[in-house]
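Here is a short report on the pockets of one protein model. Have the sequence and the 3D view ready as you read.

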Amino acid sequence: LRLSILNQYYGASIAAGFATYSEGAYAVALNPKTGAILAMAGLSHETGSSTTTLDALGTINDLFVPGSVVKAATISSGWENNAISGNQVIADQSINLAGSPAIKSWFTGSGATNITAVQALEYSSNTYMVQVALKMMGQEYYSGMALATTGTKEAMEELRATYAEYGLGTSTGMDLPETTTGYLSEDYSPGNVLTEAFGQYDSYTPMQLAQYAATVANGGNRVAPHIVDSVYDNDGTTGLGNLSKMIDTNVLNKVNISSDEMAILQQGFYQVVNSTSGYATGTHMRGNVTIAGKTGTAETYAIDANGNAVTTVNLSVLAYDYSKNNDSKIAVAVIIPHLTSDENHPNQLIARDIINLYMSTYANK
């Protein structure tokens with residue numbers, strides 16, 4: 001059923017010509033409380049092809065730059081390292097650094113707009129995250145400033161340490177052999193620290209993104225994903241023998257922020273989907289189930305048959321069924337790399353339909 005959902009929306013992207021350079025579509029669904037893997041599905045796609053092949057293992061082996069879904073972890077790192085506090089207000093504004101192109105959010109205007117941490121998630125503000133990263137580097141933003149190397153290594157290590165608390169760039173602890181724990185380059189510049197803060201530098205697997213979604217959904221516990229639910233003895237028949245072992249929930253760590261701070265992140269995720277603001281980025285996930293989540297769009301490029309660079313985007317999303325008491329039943333991550341358009345919002349629609357299907361079919365049984 002999850003594959004049919006992937007096929008439906010990814011197939012539409014292929015038919016519309018948006019997926020010409022895309023190498024596939026991937027989705028993972030977890031029980032956020034236990035880590036049980038509810039689904040791991042992938043479609044592999046060759047450049048220019050109209051067909052796909054099954055690629056479930058791409059969810060644990062393939063790496064993608066995820067975009068803005070990392071922003072909750074960036075805010076967490078700001079809190080952990082005393083760069084910001086609480087639902088802090090920072091101005092979304094054009095970030096004009098000497099010798100560099102301006103960094104803007106998709107909605108940044110000619111002036112400055114004061115926004116909270118919740119709104120920074122709701123609207124997906126790049127410039128809020130850049131200013132958090134600058135504060136972590138010990139540099140306070142002003143227009144025209146020269147970006148110094150001061151604090152580069154420290155800030156990158158701090159960001160990555162917090163990201164790992166959510167499962168990004170580290171082993172997920174799952175019960176399959178992972179061939180990668182992400183790609184985290186050690187050759188980076190001060191500018192890379194800034195792009196890291198809004199998800200345009202390091203690369204992660206879909207399973208890592210799903211663990212991150214589950215960690216937010218359950219209130220901050222990083223739980224190891226597992227396929228095996230229980231082990232039974234062989235009794236010599238075709239049926240199950242006696243129950244030998246149940247697989248216990250394995251909490252790997254708790255994110256090092258307060259419950260009040262986690263509530264700010266969860267409110268931001270709720271607003272992404274359910275806000276009445278025209279700036280909310282996840283409204284295509286509205287449906288039969290109340291969903292919270294975070295969208296991501298990473299600017300990338302592909303090479304066409306003539307060797308020319310083509311502008312593309314990686315579309316990602318984290319999503320879960322919203323619960324006020326950390327009692328969500330399903331957490332989902334979706335990523336679709338190298339699309340030439342995001343106008344069909346397949347990432348959001350896939351996540352929405354997976355959650356709606358699970359909640360209507362299994363959650364209350």
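Which residues line the second largest pocket? This is a predicted model. In it, the lining of the second largest pocket is made up of Glu-23, Leu-63, Phe-64, Val-65, Ser-203, Glu-299, Thr-300, Tyr-301, Asn-314, Pro-337 and His-338. Two elements, S10 and strand S12 (331-339), each give two or more residues to this lining. S10 gives the most, with three residues.

Now turn to the largest pocket. Its lining has 27 residues. Nearest the centre of the largest pocket lie Ser-68, Trp-106, Ser-124, Thr-297 and Asp-342. Three elements each supply at least two residues of this lining: strand S10 (291-303), strand S11 (309-321) and helix H10 (346-363). S10 gives the most here, with four residues.

Which element gives the most to the lining of the largest pocket? That is S10, with four residues. S10 also gives the most to the lining of the second largest pocket, with three residues. To find this strand in the 3D view, look for residues 291-303. Then look for Glu-299, Thr-300 and Tyr-301, which are among the residues that line the second largest pocket. Thr-297 is one of the residues nearest the centre of the largest pocket.

Conventions
Residues numbered from 1 in each chain as written. Predicted model: local features only at pLDDT ≥ 70, side-chain atom pairs only at ≥ 80, totals over all residues. Heavy atoms only, no water. 1 Å grid on protein atoms, 1.4 Å probe; cavity = no way out; pocket = protein on both sides within 12 Å on 5 of 7 lines; lining within 4 Å.
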